Amino acid sequence: MSDLRDLYQELILDHNRRPRNFGPLAEANRSARGVNPLCGDKVAVHLHVEGDRVKKVSFEGTGCAISIASASVMTESLKEQSCDAARDLFERFHRMVAADDGQGADGDGMGKLAAFAGVRDYPARVKCATLAWHTLRAALDGEDKAVSTE
Amino acid sequence: MARVKTAEWNKAEGNGFDVARVRENFPILGETVHGKPLVYLDNAATAQKPRAVIERVARYYETENSNIHRGVHRLSEQATRAYEDARAAVRRFLNAAHDREIVFVRGATEAINLVARCYGGANLEAGDEVVISAMEHHSNIVPWQLICQEKGAVLRVIPVDDRGDVVMEDYHRLLGPRTRIVALPHVSNALGTVNPVKEMIADAHRAGVPVLIDGAQGAPHAGVDVQDLDCDFYAFSSHKLYGPTGVGVLYGKAGLLEAMPPYQGGGDMILTVSFEATEYNALPYKFEAGTPNIAGVIGLGAAVEYLAGLGIEAVAAHEDRVLAYAVERLTSMPGLRLIGTPERRASLVSFVFGDVHAHDIGTILDQDGIAVRTGHHCAMPVMDRFCVPATVRASFACYNTEAEVDALAEGLDKVRRLFDGV
């Protein structure tokens, strides 16, 4: 049995209590909405992209501690990243929490995002951790439709 | 943790209902989850199966398997008899007047779709109205939306008050000259409300309107007498009633079913077929196209007989005791708020706990072997009505105990500690 503290690390509880970069973004030029239809979690990710660089990012939404904290830490890791780097981070985050082959599961080199490595042991919660990231990718791609974890 | 004290459970139960013995009938209750005894409080999603059902399905496959209503060989005769015996068992369970009023379908969802499609399809015109309530499961919303869109009819919704009861004055106001059918839940799956369906059916009938009752949560807990209720249709699923998945029942008054066109075409639902015309079979076969879920139906028959053996009233009394204890225990916890405090409640409690999201609660409880449902319970409009994104739902069955409610409360204490006080 994995310890609940592996999932609910202090960093996650903290970002859930005090989400960073939470709210609308006046300068946003790319936004996307995401929903998890199974549980009703909703998130919107707003980006201000200049050239190929994410200058500002915010999110809004409702969800469980895992999804709110994941969105919050995500926004912190994106600032001043290039769009390609942001996409790459999506891939690495996804591998960390969900890859079947376990590659990248330890979260090495992921900084704060490694706090979510424990999600891998809770398959039902992977969608919570990745909802904001899927929404980010849709925003980067300029897709103007709601993404779904289904 | 006071979880496995069967002797104490025994003593705590009055009225001769021996829950310890009932538990022994359900093999899965001996399982452990994350090393803890399973505390299964997700019965509104699906109930566990007694050995009587599991063994009956196995016996069908091992000794009787064959197709029904066609073979003249011995096995087919046996299977046909077992299938039709199950229909008679369900008829007794619902106290329906005739076996032919019992139609086997895939589940409550298909039963409602059948009525929306066949009754609604034949009787709705542009501007007509269908009345449902604000506490419906999506299964009693979407089928009506589909047929209303197709016909240009209008879906009208009876509001629900802050306690989770339908507002009767509004219901009466909505029953108008264009109302063609009313569809209501017997028991709300998200709030636990037991609706005054008998009264509401009588009200609709005074306006000349037939009523469908979604009995998915009602049939296992409320004790159903379709003749006493005088409902026109009653839908329920086998799997929430201790039977197999993939089977459900549509009860319909014979006159209404006879007047309705078939739902699907195929084998078993016909008398004669030529390329010019097809003559449909009599009830209930007109609505049972194709080879049905024979094993599932036979399993459902075993389930209703099992329940009858326990005594539906004894079961309901036991569940009510556990439920009353759950309401008392949970409402005494600081930060816990019940969603739905209806006048009459059956089988379940829905709640939020501080600002901890239901999913986090569900994961933490699961680590202690406690299975609850978390989320919107396929009733998003109910969540909107009560301004919550999701709730935790604990739902009870014949085998649940007060000790399991204690385990739930202890699990919630753990949630409080992990999330620093709620």
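This is a predicted model: local features need pLDDT of at least 70, side-chain atom pairs count only at pLDDT 80 or more; totals for chains, interfaces and linings use all residues.
Helices here are DSSP runs of H or I with at least four residues, numbered from the N terminus. Just past helix 15 of chain B, D420(B) adopts a positive phi of about 55 degrees.

Helix 15 itself covers residues 402–418, 17 residues in total, and spans 25 Å from first C-alpha to last, close to the expected 24 Å. Quite a few of its residues are buried, including A403(B), E404(B), L408(B), G411(B) and V415(B).

## The seven-stranded sheet

Chain B also has an open sheet of seven strands, running in the order 4-10-9-8-7-5-6 with mixed pairing. Strand 4 (102–105) and strand 6 (154–158) sit at the edges with a single partner strand each, so one side of each has no neighbour in the sheet. On average, neighbouring strands are turned by 20 degrees against each other, ignoring direction.

Helix 5 (residues 108–123) packs on this sheet, touching strands 4, 7, 8, 9 and 10 of chain B. Its direction makes about 35 degrees with that of strand 10.

## Around strand 10

Strand 10 (residues 248–252) of chain B pairs antiparallel with strand 9 (residues 233–237) over five bridges. In that pairing, Y251(B) is the bridge partner of Y234(B).

Strand 10 also pairs antiparallel with strand 4 of chain B, this time over four bridges, and here L250(B) stands opposite V103(B). Strand 4 is covered on both faces: I102(B) and F104(B) are buried on one side, V103(B) and V105(B) on the other.

How values were computed:
Residues are numbered from 1 along each chain as its sequence is written. Chains are lettered from A and ligands numbered from 1 in the order in which they are written. Helices (H or I, at least four residues) and strands (E, at least two) are DSSP runs, numbered from the N terminus. The expected span of a helix is 1.5 Å times one less than its number of residues. A residue is buried if 20 or more other C-beta atoms lie within 10 Å of its own, exposed if 12 or fewer, and partly exposed in between; C-beta atoms are placed from the backbone. Two strands pair if DSSP finds at least two bridges between them. Axes are lines fitted to C-alpha atoms, for helices over the stretch in contact, and angles run from 0 to 180 degrees between N-to-C directions. Two residues are in contact if their C-beta atoms, placed from the backbone, lie within 7 Å.
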